[in-house]
Amino acid sequence: MNSVLVAEKSAQANVISRREEMASTRSLLNTAKLMDENRTLYKLKELEYLERICEKVGEISVNGNRGMVEQLGKMRGWRADCR
């Protein structure tokens with residue numbers, strides 16, 4: 001009887017975990033769609049990531065007339081798709 005209860009609780013926890021994963025994935029998809037449709041939102045998200053990066057480093061020098069995120073991307077070796 002005890003093993004049956006443990007199995008049921010484990011199954012319930014698994015269902016809850018999967019629901020949370022689906023909700024998280026749905027949220028990411030909705031954010032991606034909004035950013036794709038709204039350039040201002042896309043730029044705000046870029047600034048948010050830039051802020052996170054700046055919190056972790058002592059000093060950053062940004063030169064030229066290119067976007068800051070694009071320059072940071074080149075320093076890190078990835079390409080930022082600035083629309």
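Accessible areas here come from the Shrake-Rupley method with a 1.4 Å probe, and for residues only the protein chains shown count as cover. On that basis, the accessible surface of the protein chain is about 7,200 Å², with 54% of it belonging to carbon and sulfur atoms. The model is predicted: local features need pLDDT of at least 70, side-chain atom pairs count only at pLDDT 80 or more, and totals for chains, interfaces and linings use all residues. Residues are numbered from 1 along each chain as its sequence is written, and side-chain values use heavy atoms, with hydrogens and water left out.

The protein chain has 3 helices and 0 strands. Helices (H or I, at least four residues) and strands (E, at least two) are DSSP runs, numbered from the N terminus. Of its 83 residues, 11% count as buried. Buried means under 20% relative accessible area and exposed over 50%, with partly exposed in between (1.4 Å probe, protein chains only).

The axes of H1 (residues 2-37) and H2 (residues 39-56) come within 5 Å and cross at roughly 115°. Axes are lines fitted to C-alpha atoms, for helices over the stretch in contact, and angles run from 0 to 180 degrees between N-to-C directions. H1 brings Thr31, Leu34, Met35 and Glu37 to the contact; H2 brings Arg39, Leu41, Tyr42 and Lys45. Contact means heavy atoms within 4.5 Å.

H2 also has two sides. Tyr42, Glu46 and Leu50 are buried in H2. These buried residues fall within an arc of 80° seen down the axis of H2, so they line one face. The arc is that of the directions from the helix axis to the C-beta atoms. The face turned away from the buried side of H2 carries exposed Thr40, Leu44 and Glu55.
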